[in-house]
Amino acid sequence: MDVNLLFKIAAVGILVTVIGQVLKHSGREEHAFLAGLAGLVIVLFWIVPYIYDLFEEIRDLFSL
């Protein structure tokens with residue numbers, strides 16, 4: 001896994017946390033939830049190829 005990916009995930013986490021807190025304090029809890037959900041989806045799109053590669057390597061290892 002690339003170190004830059006970890007920094008991107010951390011940056012998205014910090015950004016979503018700040019945006020969520022600002023939205024919650026302004027009374028827009030629904031928007032804060034959607035911002036958190038959007039951050040989760042972005043990170044999942046970055047991680048899915050690595051998970052796919054992991055399962056491919058496990059399958060090759062056990063020759064399934």
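1. The radius of gyration here is taken over C-alpha atoms, and the globule rule is 2.2 Å times the number of residues to the power 0.38. By that rule, a compact globule of 64 residues would have a radius of gyration near 11 Å, but this chain has 16 Å. Bear in mind that the model is predicted.

2. The box dimensions go with that value. Along the principal axes, the C-alpha atoms of the chain fill roughly 55 × 20 × 10 Å. The chain holds 2 helices and 0 strands.

3. Helix H1 covers residues 3-25. Its length checks out: at 1.5 Å a residue, its 23 residues should span 33 Å, and the end C-alpha atoms are 33 Å apart, which agrees. Glycine 27 follows H1 and has a positive phi, near 85 degrees.

4. Burial is worth a look next. Buried residues make up 12% of the 64 residues in the chain. Within H1, the buried residues are Leu5, Val12, Gly20 and Leu23. What covers them includes H2.

5. The accessible surface of the chain is about 5,300 Å². Carbon and sulfur atoms account for 72% of that surface.

6. Which residues make the nonpolar surface patch? They are Phe33, Leu34, Leu37, Leu40, Val41, Leu44, Phe45 and Val48.

7. Leucine 37 lies in helix H2, residues 29-62. Its relative accessible area is 39%. Patch residues need over 30% relative accessible area. Leucine 37 counts as partly exposed because its 39% falls between the 20% limit for buried and the 50% limit for exposed.

8. How many salt bridges does a search of the whole structure find? The search finds 1. Arginine 59 pairs with glutamate 56, and the closest N and O atoms are 2.9 Å apart. A salt bridge requires such a pair within 4 Å.

9. Why are these two residues about one helical turn apart? Arginine 59 and glutamate 56 are 3 residues apart in helix H2, so about one helical turn separates them. An α-helix has 3.6 residues a turn, so residues three or four places apart point the same way.

10. The cut-off for buried is under 20%.

Note on methods: Residues are numbered from 1 along each chain as its sequence is written. This is a predicted model: local features need pLDDT of at least 70, side-chain atom pairs count only at pLDDT 80 or more; totals for chains, interfaces and linings use all residues. Side-chain values use heavy atoms; hydrogens and water are left out. Patches are made of residues with over 30% relative accessible area and no salt bridge: like charges are joined within 9 Å, nonpolar side chains (Val, Leu, Ile, Met, Phe, Trp, Tyr) within 5 Å. Accessible areas come from the Shrake-Rupley method with a 1.4 Å probe; for residues, only the protein chains shown count as cover. A salt bridge is a side-chain nitrogen of Lys or Arg within 4 Å of a carboxyl oxygen of Asp or Glu. Helices (H or I, at least four residues) and strands (E, at least two) are DSSP runs, numbered from the N terminus. Buried means under 20% relative accessible area, exposed over 50%, partly exposed in between (1.4 Å probe, protein chains only). The expected span of a helix is 1.5 Å times one less than its number of residues. Contact means heavy atoms within 4.5 Å.
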